[in-house]
Structures are given as structure tokens and as C-alpha cells.
Amino acid sequence: MMSKLYSTSYQPYSGNLSSPLKEAMEEVCGYFKVPEVPVLLGDKHHIVVPIILKVAIPSRGPVGGIDIREEEPLLIQMSISHYPLIAPFILSDRTDFPVPSLSHLYATSAGEPARICLVRGNPHEWFGNKRMENLLWAAEEWFYKAATGKLDIDGNEFDPVRLINYTGYHIYQYETMRDIVDAGVPFLPGYPVAGLFSVASEDSRDKGNSPTFTTQKVLTAYEMTEAVKLMGRTEIPNDNRVNRNLLSIVVWHPDNLVNDFYQTGYPRNYKGLKEYFESAKIPIDEILHFLVSKRWLGTEMMPIIYAVRRSKKIVGFNGEYDFFNLAIIPVLLKGKIQDHSIVTLHSHIEPFSSVLAAKISGEMHGTNTIYIGAGSLGSKMVMHDARSGNLNIGVC
């Protein structure tokens with residue numbers, strides 16, 4: 001079965017390749033034992049190299065009937081200016097790649113090639129002491145595991161969608177959002193939505209800096225009206241930060257149904273946002289226009305947390321919800337949000353606490369500690385102790 005390929009729309013790259021890129025091309029040729037490979041212009045920042053990866057398929061076909069093929073057309077994406085400091089990525093060249101059925105994929109914009117996640121950590125740090133052959137070997141392993149049903153090593157947990165190209169961060173406690181959705185009590189009758197109070201923080205010196213959202217409080221309809229009075233921009237004295245109080249919302253499927261499909265494409269504008277939520281039966285257009293009519297939503301950015309219920313506990317969290325964090329910058333015309341309003345993607349971060357520190361460090365602290373001296377060595381010991389979750393520290 002022939003698939004339509006993304007690479008057919010790319011033009012040959014006519015620029016000069018840096019020495020590291022030339023060396024990478026030689027490694028690719030050596031790995032696949034071919035004299036040369038085509039180099040195409042992916043976008044103004046990247047080149048892509050189309051390759052065919054041979055996959056070891058089980059004799060009875062891929063486990064679960066997933067459409068993984070013996071010859072998978074792929075793209076190696078590399079930064080023109082910053083390779084190898086910026087790691088290369090493996091993309092599927094197939095427009096019909098079975099994204100909804102596979103984990104270990106990065107979220108992408110709608111219409112972009114599927115981006116394969118080869119490592120759990122930072123891909124750039126991982127590639128720091130690797131070569132192209134290591135990347136290609138990891139890609140072979142990924143596709144072998146996908147074909148044999150071994151991509152998810154831990155069968156008792158659900159692997160969340162990975163993020164790589166996100167705009168900023170949204171800080172909140174996972175358990176807080178989990179409890180809100182589990183309770184299923186909407187602040188707007190008839191709609192699966194809860195209102196939240198958030199703060200957007202950004203550096204006033206960097207106009208292009210993306211804000212970091214912090215959400216702590218759940219609001220009732222009455223509190224939403226009162227909270228609107230607190231909306232606005234606040235300069236932090238003796239600091240370069242600017243805080244803005246915002247309203248935000250968390251939405252979920254009306255029947256809170258289990259959904260184990262991977263939806264890695266995210267919207268870039270309001271038109272795409274409406275289509276994004278349509279499959280989940282969430283009337284986001286009605287919800288947001290109600291907020292506009294109540295003057296709860298103006299032209300400020302509004303964070304939107306989308307809760308997707310999975311069949312198993314999410315890896316690293318105490319719950320079954322995979323939270324997707326978006327934000328809309330509404331452009332209003334005659335009380336209606338325009339389709340070209342910008343939508344951005346954000347990454348979730350847990351707020352730092354002694355419980356989180358103890359979980360990450362694997363150290364439990366139940367005693368008081370006093371440090372005699374806090375010089376070059378002692379100060380580092382104090383900081384390490386505090387970061388591992390110990391709040392009972394004295395320094396002399």
C-alpha cells in the first residue's frame with residue numbers, strides 16, 4: 001500500500017552544509033550503505049533527509065494490527081545552523097502514520113509529520129555524547145517495539161503525550177485538577193467546565209517571553225464575578241517581573257469517557273481549537289462566548305486545561321487524567337471570538353513542595369538539622385538538603 005509522503009512537497013536544499021552536517025550525511029550513508037542521500041529544505045531553519053528504515057515485523061503482522069510496515073519512510077530533521085547542539089529528530093514521512101494508536105510521540109501542530117520520541121529525557125542532552133548512528137539505531141528499536149507491542153514497557157500505566165515545542169509553562173497540582181474533574185461539578189450549568197483563578201508571570205525586559213501560568217484556586221460562578229475585579233497587570237517592585245491576574249478554565253468530556261487514543265496535533269488558532277474539541281463533544285465555542293457575554297473574558301490570554309481520561313494511571317502522576325494545557329489570546333469583534341485568534345501550547349509543571357522534593361530525591365526527612373557554617377561547602381549542603389524536601393533546617 002502506497003502512502004502519500006510529506007517529502008514530495010519539499011524542495012532540494014541549495015545552501016552550503018556545515019562541516020558537522022556533512023559528517024552527519026556521511027554517517028547516514030554509511031549506516032544505510034548507500035553512496036548518497038537527498039538533502040531537502042524542510043523549513044527555513046531545518047533540512048530533512050528522507051530515508052527508508054527496514055523494520056522487523058512479526059510473522060503474523062504487527063501486534064494489535066497497528067499499521068507499522070516492513071519499510072517505513074522517515075525523515076531525519078536537522079538544524080541548519082545549530083546541529084549537533086540541537087539534536088536531530090526522526091519524523092514519519094507518511095501522512096497516514098497511525099498516530100492515535102502509538103505512544104512515545106511528541107505533540108505537533110496539525111498537519112505536521114509525526115515526531116518520534118526516542119528518549120524520555122531532554123533529547124538535546126541525550127544527543128550530546130551520541131552520533132547519528134546512535135539516533136538511527138534508537139529509531140530501529142522504536143519501530144521494532146511499535147510492531148511487537150512493546151513500546152509501552154510498563155503495562156500498568158499510561159504513557160502521556162510528550163511535548164517538545166511548547167510556548168511556556170502552566171504550574172498547578174495534578175491532584176487538584178484531578179479532583180475537580182472527578183467531582184464533575186461545573187460552574188456553568190450544562191457544560192463540562194470549571195472556572196479557575198490564575199496568575200501569568202513574565203519578564204518585563206523580554207517582550208517576546210512567554211508567560212508562566214500559576215493556577216491554585218477553583219471559582220464558583222459568584223466568585224468569577226468578583227474575581228473579574230482583580231484582573232489586570234501588576235508590576236513587582238524591585239523586580240523585572242510583571243504579574244497579570246487571569247481567569248482560566250478546565251474542561252472535560254461531558255460523560256467523562258475513557259479515551260486511550262493519542263491526539264498529538266494541537267491547534268494554532270481559534271478555528272482549530274473548535275475542531276480540536278469537537279471530537280470530545282466539548283462545546284468550547286459556546287463556553288467561551290458565554291464568558292465573553294458575562295465579561296469574564298476580554299482580550300487577555302485565557303489558559304485552558306483539557307482533561308483526557310485514560311484507562312490506566314498516568315506515568316509519574318496519581319491519577320488517570322492526561323492534561324493538555326492550551327491558552328487562547330482572543331481577538332473580539334462585535335462580541336465574537338475571531339477564528340484567527342492565536343492558540344498556544346504549554347507544558348505542565350508541578351509546584352515545588354516538600355512532598356514533591358522527597359518523591360524526586362527518594363529521601364524522607366523527619367528530623368531537624370542544624371548546620372554549623374554556611375560557606376562555600378556548607379551553603380551547597382544546605383541547598384541540597386532543602387531541595388530534597390527537608391524544611392526543618394537551621395544554619396549557624
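Val49 has Ile76 as its bridge partner in strand 4, and strand 4, residues 71-79, pairs with strand 3 in the antiparallel sense over nine bridges; strands here are DSSP runs of E with at least two residues, helices are runs of H or I with at least four, both numbered from the N terminus, and two strands pair if DSSP finds at least two bridges between them. Please keep in mind that this is a predicted model, in which local features need pLDDT of at least 70 and side-chain atom pairs count only at pLDDT 80 or more, while totals for chains, interfaces and linings use all residues. Residues are numbered from 1 along each chain as its sequence is written, and side-chain values use heavy atoms, with hydrogens and water left out.

Strand 3, residues 46-54, also pairs with strand 2, residues 40-43, in the antiparallel sense over three bridges; Leu41 has Ile47 as its bridge partner there, and two residues lie between these strands in the hairpin that they form.

Turning to the helices, the axes of helix 6, residues 270-278, and helix 7, residues 284-293, come within 9 Å and cross at roughly 125°, the axes being lines fitted to C-alpha atoms over the stretch in contact, with angles from 0 to 180 degrees between N-to-C directions. Helix 6 is therefore oblique to helix 7, given that angles under 35 degrees count as roughly parallel, over 145 as roughly antiparallel, 65 to 115 as roughly perpendicular and the rest as oblique.

Finally, Ser248 lies in strand 14, residues 241-252, and is buried, at a relative accessible area of 0%, where buried means under 20%, exposed over 50% and partly exposed in between, with a 1.4 Å probe and protein chains only.
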